[in-house]
Amino acid sequence: MAEMTHEARDADRNDDLTVDLTVDLCGVRLPNPLVLASGILGTHASLMHRVAIAGAGAITAKSCGPAPRGGHVNPSCVAWDNGLLNAIGLANPGAVDEVALLVATKALLAPLGVPLIASIFADDVDGFARVAATIAAAEPDLLEVNISCPNVASEFGEPFAASCASASAVTAAVRAAVDMPIIVKLAPNVADLARIAQAVVDAGADAICAINTMPGLLVDAESGRPVLANRTGGISGAALKPVALYAVDLIARAVRVPIIGTGGVRSAVDVVEMLSAGAAAVGIGSAVYGAGPDVFGLVARDLVRWLAERNLTLADVRGRTQRAPSWPEAATPAPVPQADHALVANPQPVLR
Amino acid sequence: MNDAVLPRPLRLAAVRDENARTRTFVFDASIDAAPGQFAMLWLPGLDEKPFSLLDTDPVSFAIAAVGPFTRALHRLSVGDSVWLRGPFGTPFALRGDDHLLVGGGYGVAPLLLLARQGLAMGHRVRTVIGARTAGELLLVDATRAAGATVAVTTEDGSAGERGRVTDVVGRWLADDRPATLYACGPHGMLAALRDQAGRAGVPFELSWEAYMRCGIGICGSCEHDGMLLCADGPVLCGG
Ligand SMILES: Cc1cc2nc3c(=O)[nH]c(=O)nc-3n(C[C@H](O)[C@H](O)[C@H](O)COP(=O)(O)OP(=O)(O)OC[C@H]3O[C@@H](n4cnc5c(N)ncnc54)[C@H](O)[C@@H]3O)c2cc1C
Ligand SMILES: Cc1cc2nc3c(=O)[nH]c(=O)nc-3n(C[C@H](O)[C@H](O)[C@H](O)COP(=O)(O)O)c2cc1C
Ligand code: FES
């Protein structure tokens with residue numbers, strides 16, 4: 001083994017290893033836990049098909065709203081040292097045209113056994129219900145409710161994900177409008193994430209996606225101007241990973257529904273970390289930059305190898321962060337998980 | 001790992017009129033890029049748009065004034081700054097040693113660099129440059145000066161042969177087949193060339209355009225036939 005080149009080792013990497021990567025997400029079977037995050041290549045059936053062929057376990061379409069939107073002026077997405085900053089501004093064709101896009105996409109994904117997740121947004125509660133009802137005609141496998149885009153605050157005001165009341169109102173309205181399982185996508189930059197997670201679950205969310213991007217600003221030194229035309233944007237990629245892990249762990253301790261852990265996942269080890277923190281599946285977006293859609297197949301292959309080498313299953317890994325035993329000698333033992341505890345106080349200060 | 005590609009300011013060193021609506025912008029910097037790659041040019045406070053590299057050392061572009069952003073670029077003068085993000089995209093790759101280059105409108109821009117690259121390797125380079133009218137022809141003299149054979153077509157017959165680039169290409173494909181055909185220009189022209197080259201069994205590399213946002217293969221806005229023109233393209237191969 002020591003004499004083997006990297007190439008030789010890669011060549012016989014996992015082909016004879018088998019580990020079951022399938023995941024059940026609200027009754028929907030995913031061939032693996034790697035979900036294409038919303039807003040990355042989710043604009044065209046051909047691109048979503050390509051990502052599925054490349055090895056994704058589920059595909060989330062770009063968020064769509066009640067009416068067509070052109071999105072923000074450029075620059076609207078740039079790569080910086082530790083991730084991306086984007087303010088695409090929810091460019092989308094509107095719910096009516098999105099139905100045709102989703103129908104075409106589902107027809108391409110179904111033969112691959114890769115489920116389709118539609119994603120919706122709106123600027124008021126009734127709008128969410130209407131867009132959900134329109135999109136339901138396309139029969140996506142799951143519906144993600146994006147209440148957490150940080151890039152439209154100047155038009156839409158504070159994201160619905162910022163408070164329990166607005167997050168649960170949107171969730172309840174969408175729940176009443178459609179039959180399919182719904183995923184509510186939360187924001188990290190809120191005062192009381194655990195309580196908001198509990199509120200959306202109480203209002204009927206079947207799953208939670210955590211997290212959307214975190215607001216950020218890049219400034220061009222030479223001109224003194226913000227790099228993005230929208231001034232601010234959403235931070236994604238490597239820089240977001242600790243924030244996402246923090247959110248997933250917090251939510252996993254607060255509620256029992258499956259979580260799609262999203263933020264900064266680029267490798268199989270990142271996936272294992274996210275599952276350990278309590279995620280049932282893992283969103284991948286920014287890692288498509290550089291690696292292209294092939295990142296899904298590469299990460300899935302490495303995940304099989306990582307698990308096989310340790311003789312572990314996905315179930316073994318999931319939630320380990322909360323289950324981790326503590327040394328009897330430890331001065332302050334880590335909190336012991338309790339069965340069915342509803343809520344864990346958020347360690348963040350709450351401003352009222 | 002640091003994959004940052006942020007806009008950086010370049011100073012305009014020279015500006016030249018090429019034709020009635022196209023100007024060449026030469027900057028005081030060089031860039032490590034290949035023919036067919038593009039960069040996003042940013043005027044802070046206005047917009048950011050994609051342009052093919054006309055040259056890499058010094059960084060140059062040939063830009064037609066067609067709308068708000070390109071008109072603003074045309075108002076700049078020597079000493080002004082423009083911000084560049086890139087280079088992006090998959091370049092042309094020379095295949096064989098007998099090349100046929102076809103440029104329509106400002107699509108000639110990325111081909112001059114390709115012509116120079118082929119000629120420097122001692123290859124045969126033939127070029128067809130087309131436009132609607134004589135005043136819109138681009139880089140004819142520069143391409144000749146580089147040493148390539150140049151045929152010119154205009155739709156109104158005001159210069160060169162009356163007709164379209166595809167007329168000349170049809171003859172050359174029939175009489176004196178090149179190893180590979182390379183083209184950049186309007187989509188209609190590219191689609192016609194793709195059919196011609198396909199029928200003649202000549203491999204082709206075509207540079208397509210689409211509206212671009214991220215330029216880095218993330219947002220999906222530049223989709224074309226299941227490809228991302230900013231990352232898989234702008235040059236797509238076939239044949
Ligand atoms: C990969 C790539 C490489 C490119 N390389 C070059 C280049 O080397 N030189 C260059 O000049 N341009 C190039 N372009 C096109 C350039 O990006 C657009 O012309 C520019 O974005 C126009 O911006 P604007 O705000 O001035 O006009 P817009 O407001 O975007 O357009 C104004 C009007 O002009 C029309 N229009 C746009 N482009 C053209 C055109 N070429 N001819 C006629 N009408 C047009 C539009 O449909 C619109 O009606 C390239 C585009 C891509 C995708
Ligand atoms: C260019 C871009 C566009 C995005 N658009 C959306 C969107 O339309 N809806 C949404 O819910 N999230 C959107 N997101 C957020 C991602 O889905 C994801 O939550 C975030 O990028 C973190 O994951 P990552 O680090 O793997 O990219 C977008 C992200 C990026 C980079
Ligand atoms: S411009 Fe965003 S993917 Fe090509």
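**Labels and what backs them**

Author: Start with a proline: Pro58(B) sits in the loop between β5 (55-56) and β6 (59-64) of chain B. Bear in mind that this is a predicted model.

Reader: What makes the peptide bond from Asp57(B) to Pro58(B) cis?
Author: The omega angle does: for Asp57(B) to Pro58(B) omega is near 0°.

Reader: Which other residues does a cis peptide bond join, and what is omega there?
Author: Gly233(B) and Pro234(B) are joined by a cis peptide bond, with omega about 5°. Pro234(B) is found in the loop between β15 (227-228) and β16 (235-238) of chain B.

Reader: What is noted about the phi of Cys26(A)?
Author: Cys26(A) isn't a glycine, yet its phi is positive, about 55°. You'll find Cys26(A) in the loop between β1 (23-25) and β2 (28-30) of chain A.

Reader: On to helices. Why are α2(A) and α3(A) called roughly parallel?
Author: Helix α2 (residues 45-53) of chain A and helix α3 (residues 95-109) of chain A pack at about 30°, with axes 9 Å apart. Angles under 35 degrees count as roughly parallel, so α2(A) and α3(A) are roughly parallel to each other. The crossing of α2(A) and α3(A) is right-handed.

Reader: Which residues of α2(A) and α3(A) meet?
Author: From α2(A) come Ala45(A), Met48(A), His49(A) and Ala52(A), and they meet Leu101(A), Ala104(A), Thr105(A), Leu108(A) and Leu109(A) of α3(A). By class, that contact has seven nonpolar, two polar and no charged residues.

Reader: How do α3(A) and helix α4 of chain A pack?
Author: α3(A) and helix α4 (residues 125-136) of chain A have axes 9 Å apart and an angle of about 30°. The crossing of α3(A) and α4(A) is right-handed. On the α3(A) side, Ala95(A), Val96(A), Glu98(A), Val99(A) and Leu102(A) make the contact, and on the α4(A) side Val131(A), Thr134(A) and Ile135(A) do. Those residues divide into six nonpolar, one polar and one charged.

Reader: What about chain B: at what angle do the axes of α4 and α5 cross?
Author: Helix α4 (residues 165-175) of chain B and helix α5 (residues 187-200) of chain B cross at roughly 10°, and their axes come within 11 Å. That angle makes α4(B) roughly parallel to α5(B). Residues in the contact include Val169(B) and Leu173(B) of α4(B), along with Met189(B) and Leu193(B) of α5(B). Sorted by class, the contact of α4(B) with α5(B) has eight nonpolar, three polar and no charged residues.

Reader: How do you know that chain B and chain A touch: how many residues are in contact?
Author: There are 32 residues of chain B in contact with 35 residues of chain A. Together the two chains bury about 2,600 Å², 58% of it on carbon and sulfur atoms. In chain B, Arg213(B), Ile216(B) and Ile218(B) lose the most area to chain A, together 25% of what that side buries.

Reader: Why is the meeting of Arg50(A) and Asp232(B) called a salt bridge?
Author: A salt bridge needs a side-chain nitrogen of Lys or Arg within 4 Å of a carboxyl oxygen of Asp or Glu. The side chains of Arg50(A) and Asp232(B) come to 2.8 Å, N to O, so this pair counts as a salt bridge. The count between chain B and chain A is one salt bridge.

Methods: Residues are numbered from 1 along each chain as its sequence is written. Chains are lettered from A and ligands numbered from 1 in the order in which they are written. This is a predicted model: local features need pLDDT of at least 70, side-chain atom pairs count only at pLDDT 80 or more; totals for chains, interfaces and linings use all residues. Side-chain values use heavy atoms; hydrogens and water are left out. Axes are lines fitted to C-alpha atoms, for helices over the stretch in contact, and angles run from 0 to 180 degrees between N-to-C directions. Helices (H or I, at least four residues) and strands (E, at least two) are DSSP runs, numbered from the N terminus. Angles under 35 degrees count as roughly parallel, over 145 as roughly antiparallel, 65 to 115 as roughly perpendicular and the rest as oblique. A crossing is left-handed if the near helix is turned anticlockwise from the far one by less than a right angle, and right-handed if clockwise. Contact means heavy atoms within 4.5 Å. Ala, Val, Leu, Ile, Met, Phe, Trp, Tyr, Cys and Pro count as nonpolar, Asp, Glu, Lys and Arg as charged, and the others, Gly among them, as polar. Buried area is the accessible area (1.4 Å probe) that two parts lose on being put together, summed over both.
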